[in-house]
Amino acid sequence: MPEAQGRRRAGRQVLLASLWLTLLVLVVKVWIGWATQSLSLLAESLQTLINGFSILLSAIAITSRFPMSREWGHGKLEAILALLLVAFMGFACLSLLVVSVQQLSAIAQGVLVPPVRMNAPLFQLLGVVLAINFCLACFQRYEAGILENTALRFSASHQFQDTWLVIPVLVALAGSGRGYFWLDSLLAIAMVMIAVSNCWRVFNWQLPSLMRQIAIAPEALAQTIHQVEGITHCYDIQSRGVVGRQVFVEMHLILHPECMSVARTIAERVERVIRDRYGPAKVVIYIDSDRLQSE
């Protein structure tokens with residue numbers, strides 16, 4: 001249990017540090033995109049916004065999942081924030097698409113469009129942002145392996161994708177400076193499409209943590225748990241999530257006095273039985289006054 005708590009605490013610290021750096025990168029990208037009137041950079045910033053929101057949800061979940069004073073996982077506030085993000089994404093994506101199509105139409109008709117005002121210092125600043133993103137992604141992947149944290153692993157994959165997407169933006173900005181103004185608008189449309197896809201991927205991954213309804217009937221879980229020898233009684237069984245995707249289970253167990261010495265082994269068997277029956281699961285088990293967690 002102390003080892004699991006240490007991993008959880010370290011995972012939370014890494015997520016919070018990642019969130020701070022992601023927000024910093026987002027502010028820099030939006031500022032450069034607005035200052036240079038680069039539609040592609042503004043559209044690419046949506047990727048960073050999605051990454052930051054995903055990290056925020058994971059940090060909240062790992063912070064509030066285990067204390068008894070709060071419900072397990074995300075609450076109504078996080079669900080409301082998710083809806084607000086979807087609304088903002090819809091508005092931003094539609095606006096960028098409309099402006100990009102208008103600019104492409106104007107360029108096709110030979111009408112002059114406002115050029116992207118890029119200079120060497122801003123290029124260097126974007127290079128620094130690219131390096132920060134790459135280092136953060138490598139750090140998250142490294143810590144995910146050590147801490148066995150799926151949230152960090154998922155965030156690292158998105159950080160790597162965000163890093164690689166900055167490269168074509170830099171190419172488009174360089175091309176716009178040489179007179180290929182259509183590159184910026186065309187890439188902005190592609191970035192919007194990728195942002196919509198990534199937004200759906202993030203919400204699809206976070207969906208089990210956002211679900212509040214009972215995932216598995218307590219009676220069915222009790223029947224499954226009693227397959228493990230040494231358990232005399234189980235109570236306060238709670239579950240939520242999506243069966244087959246990710247289920248979060250919490251329960252109290254009373255063991256036979258002769259089995260208290262192998263309580264951890266019994267807890268591992270209970271988790272294994274639940275996973276075999278219902279798919280991926282995270283289980284928190286209370287045995288009398290002791291708390292055993294298997295992740």
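**Close-up views of a predicted model**

**View 1. The second largest pocket.** The second largest pocket holds about 470 Å³ of space. Its lining counts 26 residues, and W34, S38, L39, L42 and L96 are the closest to the pocket centre. The structure shown here, in this view and the others, is a predicted model. Four helices each give at least two residues to the lining of this pocket: helix 1 (2-36), helix 2 (39-64), helix 3 (76-108) and helix 6 (182-210). Helix 3 provides the largest share, with seven residues. By residue type, the lining of the second largest pocket has 17 nonpolar residues, eight polar and one charged.

**View 2. The whole protein chain, for orientation.** The protein chain has eight helices and four strands. Along the sequence, they follow the pattern α-α-α-α-α-α-α-β-β-α-β-β. The chain is 295 residues long, and 49% of these residues are buried.

**View 3. Strand 3 and its neighbour, strand 2.** Strand 3 covers residues 281-287. Is this strand enclosed or open? Six of its seven residues are buried, so strand 3 is largely enclosed by the rest of the structure. Strand 2 (residues 246-255) pairs with strand 3. The pairing is parallel and runs over seven bridges. Between the two strands, the chain passes through helix 8 (residues 263-278). This β-α-β crossover from strand 2 to strand 3 is right-handed.

**View 4. F134 meets F160.** How many aromatic pairs does the model contain? The count comes to three. In one of them, the ring centres of F134 and F160 lie 5.9 Å apart. The planes of these two rings stand at 70°, and an angle over 60 degrees counts as edge-to-face, so the pair is edge-to-face. F134 belongs to helix 4 (residues 120-147), whereas F160 belongs to helix 5 (residues 150-177). The pair therefore ties together parts that are 26 residues apart in sequence. Are the two residues buried or exposed? F134 has a relative accessible area of 35%, so F134 is partly exposed. F160 has 12% relative accessibility, which is under the 20% limit, so F160 counts as buried.

**View 5. F160 meets W164.** Two values describe a pair of aromatic rings: the distance of the centres and the angle of the planes. For F160 and W164, the centres are 6.3 Å apart and the planes are at 20°. Planes under 30 degrees apart count as stacked, so F160 and W164 form a stacked pair. Both residues lie in helix 5. They are four residues apart, about one turn of the helix. W164 is partly exposed, with a relative accessible area of 46%. Which residues make up the aromatic cluster here? F134, F160 and W164 form one cluster.

**View 6. L21 and L136.** L21 is part of helix 1. With 27% relative accessibility, L21 counts as partly exposed. Along the chain, L21 and L136 are 115 residues apart.

How values were computed:
Residues numbered from 1 in each chain as written. Predicted model: local features only at pLDDT ≥ 70, side-chain atom pairs only at ≥ 80, totals over all residues. Heavy atoms only, no water. 1 Å grid on protein atoms, 1.4 Å probe; cavity = no way out; pocket = protein on both sides within 12 Å on 5 of 7 lines; lining within 4 Å. Points joined across faces, edges and corners; volume = space filled by probe spheres on them. Nonpolar A, V, L, I, M, F, W, Y, C, P; charged D, E, K, R; others polar. Buried < 20%, exposed > 50% of the residue type's maximum accessible area, 1.4 Å probe, protein only. Pairing = 2+ DSSP bridges. Right-handed = clockwise from strand over helix to strand, strands pointing away. Phe/Tyr/Trp six-rings, centres within 6.5 Å; stacked < 30°, edge-to-face > 60°.
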